[in-house]
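Here's a quick briefing to read with the model open beside you. Take it topic by topic and find each part as you go.

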Amino acid sequence: MHQHHSGSSQQMMSRDSARGLAQGLGWFSIGLGLMELLAPRQLSRTLGMEEQSGLIQAYGVREIATGIGILASRDPTPWVWARVGGDALDLATLAPAVPDNPQKGNVLVAMMAVAGVTALDLICAQQLSTARQQEQREQRLRYLPDYSNRSGMPRGVEQMRGVARQDFEMPRDMQTPEALRPWTDGRPAQADAGAMASSLGTATTDHDAANTSSSSNLKPQLSSAQVVRTAADQVGVKGGSGTAANHDAATTSSSSSLKPQLSSAQVVRTAADQVGAKGDSGTATTNHDAATTPSSSNLKPQLSSAQVVRTAADQVGTAKDR
Amino acid sequence: MRALCWHGKNDIRCDTVPDPKIEDPRDAIIKVTTCAICGSDLHLFDGFMPGMQSGDIMGHEFMGEVMEVGSGAKDSLKVGDRIVVPFTITCGECEQCRRGNFSVCERSNRNKDIADKLFGHTTAGLFGYTHLTGGYPGGQAEYVRVPFADKTHVKVPNGMTDEQALFLGDIFPTGWQGVVQCDIQPTDTVAIWGCGPVGQFAIRSAVLLGAKQIIAIDNVPERLAMAQAGGAITINFDEESTVERLNELTQGKGPEKCIDCVGMEAHATATLDSMYDRAKQALMLESDRAHVLREMMYVCRPAGTISIPGVYGGLIDKVPMGMVMNKGLTIRTGQTHVKRWTDDLLRRIEDGQIDPSFVITHTVGLEQGPEMYKTFREKQDGCIKVVLKP
């Protein structure tokens, strides 16, 4: 930790005021540009330069571009210098039009206005350039602090890696939805299964019944946490014990017709999806059974029943959505 | 008392203003011992957030000693308690607070009608952060009135310094929630855009939550050095392509989890969309610059998660929703539910897992605050986090 010692606040104010002026010039540029772009004939008539309306429109585009450049850039300095160049071009265009011009007076007024704006542009550009040079000097001279020892972890980063996984209770509303978790060969990826089990440990107390009824059908690597999680989701969604009863019914009726590798978790999950989709658990159970039974008998051996159930559930969901 | 007051874009002054008073039985008055300038304060300083009025007191990261307690808060607080005040004001009783969604408390925004119109429904009241969120005077001051003080506080245990506890009020829980809502798995690569204070805490949170690989993206060398010290692989986007490097570090697949710790003022790079954002913002056709969001959506692994703790205020343009939809990305965002995390994080500080004071680079008096706003914004003098001592 160290105390602050940067460039003087006076320099900052000078740069800020130059930037303020540049902003004003940027808006002026856009306004003038729009006028030149949209009303070139009126302008050219006023200046007695009727044949130059195309050129005036082109100058309008230039004004708008530099205006946006000034307003949008982090450092407007080059854009303000571009305005100075544009002013010179304007004066060079107006000057030859003075002799033998019926609108000579208007042209002279226009030249005086351009000269005035040119002076402002010059002052602004010079102030910005000076400030930029000063900043670059300070940048070169500035003390570059070394924060490479600021890990923020007194016991070391590697010692702390994953330490919160041991005791952090992942809030249910911030967990990746089940449907988006990695899914490999009809089951969650192994790396995630363990993680889910640990992160969902808190749900077991509240949903023992669901856990018991389903976990016996699960492969070892497929954590019972998933079943619990699904049941927990159901309870969370419905907020009543009636749902849990329906869930049990759905599990029992479905798991008996499934192969061993088809986890009850998936069945429960499907039922849960249906319950969520339909908002009526009785209907969901019926639909689920109806969808599963006719489909599973037609399946090839390598196509797991889980996939069938999932497909059926997807169909139910899709039908509803549409 | 003295306080840092907003008077317009780029204009913050140290003014003398009236002392706060108890206005409601649930209020408390605290004497601020330490406060800080937050990256999101810069959005107000730069004039990007609507709803500020001249004279508004800045600051939403502060802590101090309880000086006075309203009759309705006496069961929770007593004079002399040291507390950190969460930046989200929470009643603790509404439906959202009961669900733990403290940042969308339904009762603490006293300008609820305005917020309802702007956001559709109100969010929580915030300290020193526009009249859209209640117009509550902030904590960059000598004293602050804390509404709903019986719920809106974190007691600081004896022996813990202000510098260790202060960031429980915002940036530590903000970085933490940004990572938690990614649901980190031990196999995950997490990419974090922005190595400001919230980004630094997000990096440490990702370490604690066990991410396999953490990649931090910025262009300020000293911030990248601090990120590296916290366990991140760094990408300086001025020197290399963020997308190419991220793909290289993930065998061409992209990071599973992407976290935006930058928000609405993403700095222009040499990309076309950055220049487009600058131009549109300058012409007031867009309020927020979305370069980081677009880059995250592009590089994130399909079926991955994007977390956005960075602050956005209004409208963004050219968001590639087709990428999000077709890649099946999950987006999680929101202001921080500070109170949801503070007990756990306080324990981790006490346990020595993390010492949040690592992020402090500048400590000055309140009267130097206006100057420090500029130093912080310009990232001068190695400035990453400014702490003020009123």
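This is a predicted model: local features need pLDDT of at least 70, side-chain atom pairs count only at pLDDT 80 or more; totals for chains, interfaces and linings use all residues.

Residues are numbered from 1 along each chain as its sequence is written, while chains are lettered from A and ligands numbered from 1 in the order in which they are written.

**Chain B overall**
- Chain B has 13 helices and 18 strands; helices (H or I, at least four residues) and strands (E, at least two) are DSSP runs, numbered from the N terminus.
- Of the 390 residues in chain B, 60% are buried. A residue is buried if 20 or more other C-beta atoms lie within 10 Å of its own, exposed if 12 or fewer, and partly exposed in between, with C-beta atoms placed from the backbone.
- Looking at contacts in chain B with a separation of 6 or more, 72% come from residues 24 or more positions apart. Two residues are in contact if their C-beta atoms, placed from the backbone, lie within 7 Å.

**Helix 5 of chain B**
- Why is helix 5 (residues 171-180) of chain B largely enclosed by the rest of the structure? Because ten of its ten residues are buried.
- The buried residues of helix 5 of chain B pack against helix 6 (197-208), strand 14 (257-260), strand 15 (305-308) and helix 12 (338-350) of chain B.
- Helix 5 and helix 6 of chain B pack at an angle of about 55°, with their axes 7 Å apart. Axes are lines fitted to C-alpha atoms, for helices over the stretch in contact, and angles run from 0 to 180 degrees between N-to-C directions.
- That makes helix 5 of chain B oblique to helix 6 of chain B: angles under 35 degrees count as roughly parallel, over 145 as roughly antiparallel, 65 to 115 as roughly perpendicular and the rest as oblique.
- By class, the contact of helix 5 with helix 6 of chain B has nine nonpolar, four polar and no charged residues. Ala, Val, Leu, Ile, Met, Phe, Trp, Tyr, Cys and Pro count as nonpolar, Asp, Glu, Lys and Arg as charged, and the others, Gly among them, as polar.

**A tryptophan to find**
- B:W341 sits in helix 12 of chain B, and B:W341 is buried, with 24 other C-beta atoms within 10 Å.
- Not counting residues up to four places away in sequence, B:W341 touches B:P173, B:W176 and B:Q177.
- B:W341 and B:W176 are 165 residues apart along the chain, yet 8.1 Å separates their C-alpha atoms.

**A hairpin in chain B**
- Strand 1 (residues 2-6) and strand 2 (residues 12-16) of chain B run antiparallel and are joined by five bridges; two strands pair if DSSP finds at least two bridges between them.
- B:R2 stands opposite B:T16 in strand 2 of chain B.
- These two strands form a hairpin with five residues between them, and B:G8 in the turn has a positive phi of about 135°.

**Where the chains meet**
- The contact takes 42 residues from chain A and 48 residues from chain B.
- On the side of chain A that touches chain B, the elements giving two or more residues are helix 1 (9-38), helix 3 (53-72), helix 6 (157-160) and helix 7 (190-199) of chain A.
- By class, that side of chain A has 20 nonpolar, 13 polar and nine charged residues.
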